[in-house]
Amino acid sequence: VKLLAAELLETREFLPRQWLQTYSAPWLASSAKPGQFVHVRTPDYSGLVLRRPFSLNTFDRQTGQVTIHFRITGRGTEWLARMRPGDSAEMLGPLGRPFEVDPKTRHMLLVAGGLGMAGVRSLVDSAIADGRQVLVLFGAVTASDVYPSTLLPPEAEYVVSTDDGSFGHAGRVTELVPLHEAWADQCFACGPQPMLAALANLARGRDGRLGVARLNRRGGPRSAPLGSPTARRRSWLQVSMEQNMGCAVGACLGCVVGGVDGPQRVCREGPVFAANEIRWEGWA
Amino acid sequence: VTVDVAVDLSVDLGRGLVLRNPVLVASGTFGYGTEYADVVDIQRLGAICCKGTTLRPRVGNAPPRVTETPAGMLNSIGLQNPGVAGVLEKYAPRWASWDVPVIVNVAGESVEDYVEVARRLDGQPGVAGIELNISCPNVGKGGLQFALDPEAAAEVTAAVRAATDLPLMVKLSPAATDIRAIARAIEKAGADAISAVNTLSGMAIDLQRRRPLLGNTYGGLSGPALKPVALRVVYEVAQVV
């Protein structure tokens, strides 16, 4: 983990109020793993006291470049969107625990809701590099918010749903999951909490009957501690969670979500969790 | 060219607790010190005040727990911590091997709670001192009530003083009406040092949802927005103790 200045190389509003920014950050690009995030402070100190967490949307070891994808939701993201190439942002990272992909996994199902694409996007690249098949299910409110297929590698299969039916499947993205769940060895999701809760509910209803979990019945230790990399790999569904964040290194306890074993820090135990680690209803 | 600028920045907090420099990280901002070890050289600090420690473990408040406000932030962690036994088991052995002293921030719901935690910390390797958190605005019981009244502040300070030989610091609330009276009472009750200040209770609203932004409705304000208030408290306290 390092705290360094990263130069902005390219910035563009590729969807209404949604930005894609490319930074030169070799230390991040060389050590990051899919699912990890970076904590960013704008170069200006005027009034903004907290860094902002962003998933590492993509990273490229060769070029030393990383991208972040965000929607303007407040003063911090407004500031970032006003930056110009040549400006620098202070980045702390890579942070958090990555997605755990089982070596046996051939078929990866990625489910993204809106900005949740940023949470799973880097997994697309690594899966293809590792020779795995990837299906991305993407849900948006309406056609104008649909993540462009041109920003995904051609090897990835891409299926879209919109709440209002203006593009692709009409309805929730979670409705598409039953069509593909039997195919998927593992599922990785990022998006609004209700979407993740619906997926977790689906996965719970098929406990042990989906994905690589079936393959672990014979041989090997049967149980791994909840939250361990092994347990996460065996879980059919991993989710990337979001929460207001303070320090991002585990000190302030600001970014917790409710876990079955008590509060879980999104910055430290997460942002990726196995779905069965989270208390989807209620708190603690 | 190197210039020897050996300036003595040490600060004596009493009872043998001498800090190499006056830079302390405030309780709650720095966990148990271990979390930041990858990011900065924590051994350069004057001291670390660890996260608020209570007699029994606490899960803390429902999220969201932090939100940014103009020139500051609100937090409402609710004293999540593993309890004094958990802190001693998990962190104290590591603190004992550090150069930087760790002052354990102690919170409670009653005088008895504070005394019991202090008693358990007394004489433990790795514990350099105690900071009495009588000013947390984010918990239902205890906390703030001791920081607003000179008699209550003196009572809890004296009780803890009698329970431990550790250096004892008491943390003030900026919400006190007459901070001078509180500081005088704390000094008279046997505190070695005073820390200023804790956060000030506040709230923020999500305009679209028309609901408080924090899960606990209220949170403690810190950051640049609070600094002038903190400086005023330091100024007033320094005149009387």
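## Exercises on a predicted two-chain model

A:L253 sits in the loop between β13 and β14 of chain A. Keep in mind that this model is predicted.

**Exercise 1.** Find out which residues of helix α5 in chain A are buried, and where they sit around the axis.

*Solution.* 
- Get to know the helix: α5 of chain A runs over residues 193-205, and its 13 residues reach 18 Å from first C-alpha to last, close to the 18 Å expected.
- List the buried ones: A:M195, A:L196, A:L199, A:A200, A:L202 and A:A203.
- These cover an arc of only 160 degrees around the axis, so they lie on the same side of α5(A).
- Here's the rule behind that kind of pattern: an α-helix has 3.6 residues a turn, so residues three or four places apart point the same way.
- Finally, look at what covers them: β8, α4, β12 and β13 of chain A are included.

**Exercise 2.** Take A:W236 and trace its place in the largest nonpolar core.

*Solution.* 
- That core has 90 residues, and A:W236 is among those with the most contacts inside it, along with A:V111, A:L237, B:W95, B:L121 and B:I134.
- Leaving out residues up to four places away in sequence, A:W236 touches, among others, A:L109, A:V177 and A:C187. Its contacts also include A:L202 and A:A203, two of the buried residues of α5(A).

**Exercise 3.** Say which strands stand at the edges of the four-stranded open sheet in chain B, and why.

*Solution.* 
- Write down the order: β5-β6-β14-β11, with antiparallel pairing.
- β5 and β11 each have a single partner strand, so they stand at the edges, and one side of each is left without a neighbour in the sheet.
- Neighbouring strands are turned by 40 degrees against each other on average, ignoring direction.
- Zoom in on one pair: β6 and β14 of chain B are joined over three bridges. B:N75 has B:G220 in β14(B) as its bridge partner.

Definitions and conventions: Residues numbered from 1 in each chain as written. Chains lettered and ligands numbered in written order. Predicted model: local features only at pLDDT ≥ 70, side-chain atom pairs only at ≥ 80, totals over all residues. Heavy atoms only, no water. Expected span 1.5 Å × (residues − 1). Buried < 20%, exposed > 50% of the residue type's maximum accessible area, 1.4 Å probe, protein only. Arc of directions from axis to C-beta. Contact = heavy atoms within 4.5 Å. Core = buried A, V, L, I, M, F, W, Y, C linked by side-chain atoms within 4.5 Å. Pairing = 2+ DSSP bridges. Axes fitted to C-alpha atoms, helices over the stretch in contact; angles between N-to-C directions.
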